[in-house]
Amino acid sequence: MGQVFNIIMSEDLEILPTILVIHPSGYTEFLDADMNAMSSSEIASVLDAEDIEVVHFSKHLSAITQECGLVKNLAMYFDRNAPAKGLESNYVGNMLYDGEYDVGGAIIIALEDNERNSSSFENEEDIENVFEAIDDLTGILRRETDDNGQYDAWA
């Protein structure tokens with residue numbers, strides 16, 4: 001008699017809609033936020049900004065999108081008035097924007113489709129892969145973890 005084997009395919013673990021918020025220090029928050037449902041002013045409030053700039057394309061954002069096999073494109077949001085406000089320069093933001101602008105304060109990393117409709121990450125593998133790819137590029141990302149080395153959302 002033949003044996004029956006169950007093949008378990010690796011499935012992405014679905015998560016609540018989540019975005020990355022990267023601070024100038026490199027500290028990165030995995031923030032539950034649904035970009036589809038957020039207005040421009042709500043996105044700006046995450047950054048404590050009045051006016052936001054959106055980077056739809058850069059060499060590094062495109063490379064990370066491809067490297068991570070994302071269906072949607074990466075987009076970066078930041079405070080357009082950061083230099084005038086004297087906000088600390090964001091090394092990660094400057095790298096991701098290819099040095100085209102002095103990005104200051106916190107940045108948001110999210111997704112967008114080809115029509116530039118914003119969305120959040122919805123599976124753990126994608127957001128983890130993007131976090132790791134950005135860290136590989138910059139070498140400064142960090143986040144709070146618990147005693148077991150696991151990500152601690154409550155830290």
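In which strand is T28 found? Please describe its surroundings, then widen the view.

A: This is a predicted model. T28 is found in strand β2, which covers residues 28–32.

Start with the exposure of T28. Its relative accessibility is 0%, so T28 counts as buried. The cut-off for buried is under 20% relative accessible area.

Next come the neighbours. The side chain of T28 reaches the backbone oxygen of G26, at 3.1 Å.

R143 lies over the face of F131. The distance from the ring centre is 4.6 Å.

Now to the aromatic rings. A search of the whole structure finds four aromatic pairs. One of them joins F78 and Y97: the ring centres are 5.8 Å apart and the planes are at 55 degrees, so this pair is tilted. Planes over 60 degrees apart would count as edge-to-face, and planes under 30 degrees apart as stacked. F78 lies in strand β4 (residues 73–79), while Y97 lies in the loop between α4 (91–96) and β5 (107–112). The pair therefore ties together parts that are 19 residues apart in sequence. Both F78 and Y97 are buried.

F78 also forms a tilted aromatic pair with Y101. Here the distance is 5.5 Å centre to centre, with 40 degrees between the planes. This pair, too, links distant parts of the chain: F78 is in strand β4, Y101 is in the loop between α4 and β5, and 23 residues separate them. F78 has a relative accessible area of 0% and is buried. Y101 is partly exposed, at 33%. Together, F78, Y97 and Y101 form one aromatic cluster.

Finally, the whole protein. There are five helices and seven strands. From the N terminus on, the elements run β-β-α-β-α-β-α-α-β-β-β-α. The protein has 155 residues, and 41% of them count as buried. T28 is one of the buried residues, and so is F78. Among contacts with a separation of 6 or more, 61% come from residues 24 or more positions apart. The accessible surface comes to about 9200 Å². Carbon and sulfur atoms account for 46% of that surface.

Terms used: Residues are numbered from 1 along each chain as its sequence is written. This is a predicted model: local features need pLDDT of at least 70, side-chain atom pairs count only at pLDDT 80 or more; totals for chains, interfaces and linings use all residues. Side-chain values use heavy atoms; hydrogens and water are left out. Rings of Phe, Tyr and Trp (its six-membered ring) pair if their centres lie within 6.5 Å; planes under 30 degrees apart count as stacked, over 60 as edge-to-face and the rest as tilted. Helices (H or I, at least four residues) and strands (E, at least two) are DSSP runs, numbered from the N terminus. Buried means under 20% relative accessible area, exposed over 50%, partly exposed in between (1.4 Å probe, protein chains only). A charge sits over a ring if NZ of Lys or CZ of Arg is within 6 Å of the ring centre and within 35 degrees of the ring normal. Contact means heavy atoms within 4.5 Å. Accessible areas come from the Shrake-Rupley method with a 1.4 Å probe; for residues, only the protein chains shown count as cover. A polar contact is a pair of N or O atoms within 3.5 Å; within protein, one must be able to donate a hydrogen and the other to accept it, and residues adjacent in sequence count only if both atoms are side-chain atoms.
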